[in-house]
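The stops below are meant to be followed in order.

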Amino acid sequence: MKSLIAYLNESQNKEYVDIFVVYNDKILFLRRANYIRQFGGKWCLPGGTLERGEDQKEAIIRELKEETNISVKDVQLWRHWTYSNNSKTSIYTVILDNEPEIKISREHAQYKWLSVDELEKYKEKMAGELWSVVQEKFLSGKIHNDLNRGV
């Protein structure tokens with residue numbers, strides 16, 4: 001059995017990826033199942049941790065398929081992000097041309113496509129510091145360019 005310190009060190013060194021999935025000027029958010037220890041019941045982006053031997057793009061494509069049943073071949077890196085607890089994620093964007101048939105994983109309870117106008121209503125319901133990411137990405141005055149270009 002791993003010691004608590006080994007577990008904490010291992011979890012701090014994980015590499016995370018998240019993705020903004022955009023379709024028809026709306027962004028896909030997933031609500032984590034209530035039983036999930038971290039951020040249970042909160043809204044988040046599709047994403048997760050890299051598995052051994054995976055690069056970031058492989059991880060985000062795999063996580064997107066596992067969590068939503070959406071298959072993509074290419075994603076665009078938006079930026080790297082460091083949260084206040086020093087965990088780091090790489091955030092990607094993909095713009096879909098066709099409406100996907102979403103089947104969420106059991107770690108999620110619900111999904112929603114949110115327009116920019118709806119984002120603030122979910123501010124208090126977002127996981128961790130996701131609101132800061134959303135603000136920078138979509139509420140910085142360049143939203144329409146970002147949604148249309150996939151930046």
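Select Lys125 and Tyr122 to begin: the charged end of Lys125 sits over the ring of Tyr122, 5.3 Å from its centre, where a charge counts as over a ring if NZ of Lys or CZ of Arg is within 6 Å of the ring centre and within 35 degrees of the ring normal. Then select Arg79 with Trp78, where Arg79 lies over the face of the Trp78 ring at 5.8 Å from the ring centre.

Before going on, note that this is a predicted model, in which local features need pLDDT of at least 70 and side-chain atom pairs count only at pLDDT 80 or more, while totals for chains, interfaces and linings use all residues. Residues are numbered from 1 along each chain as its sequence is written, and side-chain values use heavy atoms, with hydrogens and water left out.

**The aromatic rings**

Rings of Phe, Tyr and Trp (its six-membered ring) pair if their centres lie within 6.5 Å, with planes under 30 degrees apart counted as stacked, over 60 as edge-to-face and the rest as tilted; by this rule the count comes to six aromatic pairs. Select Tyr23 and Trp113, an edge-to-face pair with 6.0 Å from centre to centre and 65° between the planes. This pair links distant parts of the chain, since Tyr23 is in strand β1 and Trp113 in strand β7 (residues 108-114), 90 residues apart; strands here are DSSP runs of E with at least two residues, numbered from the N terminus. Trp113 is buried because its relative accessible area is 16%, the cut-offs being under 20% for buried, over 50% for exposed and partly exposed in between (1.4 Å probe, protein chains only).

Next, select Trp81 and Tyr83, whose ring centres are 6.4 Å apart with planes at 55°, so this pair is tilted.

Colour β1 (16-23), a mostly covered strand in which seven of the eight residues are buried. Two strands pair if DSSP finds at least two bridges between them, and β1 is joined to β6 by seven bridges in the parallel sense, with Ile19 opposite Tyr92 in β6. Three bridges join β1 to strand β4 (residues 47-49) in the antiparallel sense, and there the bridge partner of Asp18 is Gly47.

Which residue does the side chain of Thr89 reach through a polar contact of 2.7 Å? Select Asp18, whose side chain makes that contact with the side chain of Thr89; a polar contact is a pair of N or O atoms within 3.5 Å, where within protein one must be able to donate a hydrogen and the other to accept it, and residues adjacent in sequence count only if both atoms are side-chain atoms. The backbone oxygen of Tyr16 also lies 3.3 Å from a polar atom of the Thr89 side chain. Thr89 is in strand β6 and counts as buried because its relative accessibility is 4%.

The hairpin of β1 and β2 has two residues between the strands, and Asn24 in the turn has a positive phi of about 55°; Asn24 counts as exposed because its relative accessibility is 61%. The hairpin of β5 and β6 has five residues between the strands, with Asn86 at a positive phi near 70°, and Asn86 is exposed, with a relative accessible area of 58%.

Conventions. Helix = DSSP H or I, 4+ residues; strand = E, 2+ residues; numbered from the N terminus.
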